[in-house]
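Visitor: I'd like to go through this one label by label. Can you show me the chain, and then tell me where each word comes from?

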Amino acid sequence: MQSVTMQIHNDIAVVIVNNPPVNALSWHVRQGLHDSFSSALADASVKAIVLRCDGSTFIAGADITEFGKPPQGPDFNAVLNMIEAAENCNARASCAFTATFCCAQRAPVLSVQ
């Protein structure tokens with residue numbers, strides 16, 4: 001099972017995190033977010049990105065099982081930097097993404113132009 005999937009509905013990309021039990025930011029979730037956002041941002045037909053999580057929580061934070069182990073996959077800052085540096089991503093999109101992780105909102109809508 002993949003921990004992050006993406007579906008395209010008309011001109012909206014829906015990125016779904018499914019990493020039970022609390023949707024922790026494991027290395028494979030960070031990698032999936034990076035890959036999904038890269039793909040959505042590269043697709044000229046995508047006008048918005050919705051990030052949501054399955055289960056009862058949005059992303060709960062770091063995966064504590066990874067503490068003390070060598071890092072794998074992109075770190076959280078690399079994921080944020082990828083979104084901010086994307087040519088087609090406006091400033092409000094990356095701000096909404098950052099605020100989502102700080103505020104633990106359930107379904108942010110990120111605008112891409």
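Guide: What follows sets the labels against their cut-offs.

Guide: Ground rules before we start: this is a predicted model, where local features need pLDDT of at least 70, side-chain atom pairs count only at pLDDT 80 or more, and totals for chains, interfaces and linings use all residues. Residues are numbered from 1 along each chain as its sequence is written, and side-chain values use heavy atoms, with hydrogens and water left out.

Visitor: What makes up the secondary structure of the chain?

Guide: Three helices and four strands. Helices (H or I, at least four residues) and strands (E, at least two) are DSSP runs, numbered from the N terminus. Along the sequence they follow the pattern β-β-α-β-α-α-β.

Visitor: Why is serine 36 called buried?

Guide: Buried means under 20% relative accessible area, exposed over 50%, and partly exposed in between, using a 1.4 Å probe and protein chains only. Serine 36 has 8% relative accessibility, so it counts as buried. This residue sits in helix α1, and it touches Val4, Thr5, Met6 and Val15, not counting residues up to four places away in sequence. Contact here means heavy atoms within 4.5 Å.

Visitor: Which label does asparagine 10 get, buried or exposed?

Guide: Exposed, because its relative accessible area is 76%. Asparagine 10 lies in the loop between β1 (4-9) and β2, and it has a positive phi of about 55° although it is not a glycine.

Visitor: And how do you know on which side of the cut-off asparagine 23 falls?

Guide: Its relative accessibility is 2%, so asparagine 23 counts as buried. Asparagine 23 also has a positive phi of about 55° without being a glycine, and its place is the loop between β2 and α1. Proline 21 is found in that loop too, and the peptide bond from proline 20 to proline 21 is cis, with omega near 10°.

Visitor: What makes β1 and β2 a pair?

Guide: Two strands pair if DSSP finds at least two bridges between them. Six bridges join β1 to β2, and the two run antiparallel. Glutamine 7 stands opposite valine 14 in β2. The two strands form a hairpin with two residues between them.

Visitor: How do you know that β2 pairs with β3 as well?

Guide: By the bridges again: β2 and β3 have six, in the parallel sense. Here isoleucine 12 stands opposite alanine 48 in β3. With α1, these two strands make a right-handed β-α-β unit. Right-handed means that, with the strands pointing away from the viewer, the path from the first strand over the helix to the second runs clockwise.

Visitor: Why is β2 described as mostly covered?

Guide: Five of its six residues are buried.

Visitor: What makes a set of residues a nonpolar core?

Guide: They must be buried Ala, Val, Leu, Ile, Met, Phe, Trp, Tyr or Cys residues joined through side-chain atoms within 4.5 Å. The largest such core has 17 residues, and Val15, Val17, Leu33, Ile49 and Ile59 touch the most other members. β2 (12-17), α1 (27-42) and β3 (48-53) each supply at least two residues, with the largest share, five residues, coming from α1. Valine 17 touches several residues beyond four places away in sequence, including Ser3, Asn23, Leu33 and Ile59.

Visitor: How much of the whole chain is buried?

Guide: Buried residues make up 40% of the 113 residues.
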